[in-house]
Amino acid sequence: MDILASVAQGLGVALQPVNLLACFIGVFIGTLVGVLPGIGPVSAMSLLLPVTLAGTPEAGIIMMAGIYYGSMYGGSTTSILVNIPGEAASVVTCLDGHEMAKQGRAGAALGIAALGSFFAGTFAIVALMLIAPTLARWAVAFGPAEYFSLMVLGLVVLTFLTQGSMAKALLMACVGAVLGLIGLDSITAQPRLTFDRLELYDGIGLVPVVMGLFGIAEVLHNLERPIAREVIKTKLSQLWPNRAEWRASAAPVARGTVLGFFLGILPGGGAVISSFASYALEKRLSKTPERFGRGAIEGVAGPEAANNAAAGGAFIPLMTLGIPPNVVMALLLGAFIIHGLQPGPLLMSQNPTLFWGIVASMYVGNAMLLVLNLPLVGMWAQLLRLPYNVLFPLIVLFSIVGVYCSSNNVFDVYVMVAFGILGYLMRKVGYEPAPLVLAFVLGPMLENNLRKAMILSQGDLSTFLTRPISATCLVFAAALLLAPLLPALRRKRAVVALDETA
Amino acid sequence: MVNRRMLALALAALALGGSALAQDYPAKPVTLIVPWPAGGSTDVAMRAIAEAASKHLGQPIVVDNKAGGSGTVGPATMAATGKPDGYTIAQIPITVFRLPLMQKTTWDPLKDFTYIVHLTGYTFGITSNAESQFKTWNDVVEYAKANPGKVTYATPGAGTSLHIGMEQIAAKAGIKLTHVPFKGGAETNAAVLGGHTTLQADSSGWKPLVEAGKLRLLAIWTANRSKNWPDTPTLKELGYGFVFDSPFGIAGPKGMDPKVVAKLHDALKKAIDDPAVQEQLAKYDMVVNYKNTEEYRKFVAESVETEKKVLSDLGLAKTN
């Protein structure tokens, strides 16, 4: 009952006209920055932080939060339409989402992404209301050893993303992990693989790598065969997911939501891992895994739900412990503090109106996003009707502007172009970029946590097996690797293999 | 034609730069590099100072977060690529002086910067999990004596004042602690909260958790006890005789015009005199520690000397 009263109180705050307006502005800007590649929520929020200082803390934070989850909604749009993931969490959406767009089902992909996100977002908020304080413990239960094992599991799961050869996927993952090591080593601040170039001291940015490997490479690749385009023109009539697609998506959305929510609570790579773990899970459970990578709607529904649920989960460590799990949350922490508030265990009891007001506003914001996004689906899908000679220069232009804006550094533009060419060559010889990008993100975390875990255990490797969460992750990883070798499971494997050799 | 000649003259004056430009400085927004992640204690403090200083400077000061390398990547980038025109300046944490003594770096703290003004410093403290057996610093010392290396502590990075400070304390107490470097306050909070490390040594980002009774503040590294935690002893009181506050200021690339330096100095000095800014700083227990341009420059030279001695005593100095 307590909670219901608090929620009612929160809704009272969220529904005040000024807060409603702040919420709308937030989600609107969020959708925009989500759609524009390269310009992420971080830059939008840092630019708008001073603006929010003029109003009340509630309005300011509601708006900032709106930008964040709004951008999660918008992020899938470019992945599906032009194969450019706005951030690491939407890399997976490209795999089947863009395939669907190529087959003229962009509307269906966008529709299911929006509705899956709405469902996941709503679930995450309700869960946040009910069990946030209990879950705070889960967030800090993950120490270096647990993170290491989770990353190992993540890297094993990664090989399920590929539809080509597993050896090639593993090779790409190795390349990605090595690229991730460039820069100052995170433990002793020694430069590695920098060749004394100052630009490399901070490592290679994720944004230019992703935009090069996906966006630019896609453009280069398509320039070779302008005719394939016709397909999209003819089949555009179907804008909504049909009944069969709804049915196929329901379970993946539900599974993705739960998975995303729990992994999202973890500081660090939770949101990224959740999206591709969900993809791998759906592929594994599917009776027809060979459809994955060729426009399977489950491959869009699951991961999109997962990364939105993760965005909701990410508020838990911030609001209950004052620990920001990612850069966006760190900015939000900054906003709280500048407004004279300190997120942490005391926030809920010291500022209940603010706490519940923000939570309730997220619910309102999610509804707004759905209303805002659904009519846009048709418009976005129309975008694909643009002729190549208009669309491609636009993609390249937005990619360059986006990359430059994200770091104000021309070097990053060169990096993007280099990875664009690399990505094009990789496609030519059948290497896929997704494992590379994900290993690029996970590799440094894997190394950092391995080293911290070894320092903590004084070099004793058994620490990974004696800690229950860590051991569970490792057992799962081993099972996934070994399962194909066991005779009882060989039949299932044959189906998966079919898809790999096809 | 006259206009065109005027323009040419103006361009020539611009090209000559230096004193002619200093008159009009600042003509566009100034970028302030903060070498830590957004949302941390330094970032919040620097944003408050930048906002107040903008008013006096007449141009906005835009904060640019360039984190990495224990707070040295930002200043190092500025030293290598920034123009000394006063439009790019950076927060200079003490690691800028310390890292070149520990390893090969791209910058020299004595040559590559124009020091402008010294602003403030941090309040550091050691915390333990409130549920742990360590109720006082002496509990830690006793346990560590019986179990060498078993006590672990989390810091925001290798070579930070927290790392060096803990090693100095351990050396004086005759105990062996294990250092676990993280990237910043959020991570060290989580580490000690989850019981992954025994202790946390960090700047006052632990404040809300200490107030909520989740963490216990064992010792504070300032000269005097903090008003916020009057019951927590200082290192001096515990018999170590150390005060660590990792003071920091602002610098630009080498070769800045003294007139531009003076303008920036005045604006930033007025900012830290502003009660609203001091109130923001007080939230993190930061106290204004003003030094003018000349004093700051001397202080850098002294710091480098002190650091050299400390690092060689601890065996952390660069060997070549």
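**Exercise 1.** How many residues of chain A are in contact with chain B, and how many of chain B with chain A?

*Solution.* Before counting, some housekeeping: this is a predicted model, where local features need pLDDT of at least 70, side-chain atom pairs count only at pLDDT 80 or more, and totals for chains, interfaces and linings use all residues. Residues are numbered from 1 along each chain as its sequence is written, while chains are lettered from A and ligands numbered from 1 in the order in which they are written.

Step one is the rule: two residues are in contact if their C-beta atoms, placed from the backbone, lie within 7 Å. Step two is the count: 35 residues of chain A touch 37 residues of chain B.

Step three looks at where chain A's side comes from. Helix 6 (106-141), helix 15 (327-338) and helix 20 (433-456) of chain A each give two or more residues. Helix 15 of chain A has the largest share, seven residues. (Helices are DSSP runs of H or I with at least four residues, strands are runs of E with at least two, and both are numbered from the N terminus.)

Step four sorts by class: this side of chain A has 23 nonpolar, ten polar and two charged residues. Here Ala, Val, Leu, Ile, Met, Phe, Trp, Tyr, Cys and Pro count as nonpolar, Asp, Glu, Lys and Arg as charged, and the others, Gly among them, as polar.

**Exercise 2.** At what angle do helix 2 and helix 4 of chain A pack?

*Solution.* Helix 2 (residues 17-35) and helix 4 (residues 57-82) of chain A pack at about 30°, with axes 6 Å apart. Axes are lines fitted to C-alpha atoms, for helices over the stretch in contact, and angles run from 0 to 180 degrees between N-to-C directions. These two helices of chain A are therefore roughly parallel; that label covers angles under 35 degrees, with over 145 roughly antiparallel, 65 to 115 roughly perpendicular and the rest oblique.

**Exercise 3.** Which residues make the contact between helix 5 and helix 12 of chain B?

*Solution.* First, the geometry: the axes of helix 5 (residues 95-102) and helix 12 (residues 293-314) of chain B come within 9 Å and cross at roughly 45°. Helix 5 and helix 12 of chain B are therefore oblique to each other.

Next, the residues: helix 5 of chain B brings B:Phe97, B:Arg98, B:Leu101 and B:Met102, and helix 12 of chain B brings B:Val300, B:Ser303, B:Val304, B:Glu307, B:Lys308 and B:Leu311.

Last, the classes: six nonpolar, one polar and three charged residues make up this contact of helix 5 with helix 12 of chain B.
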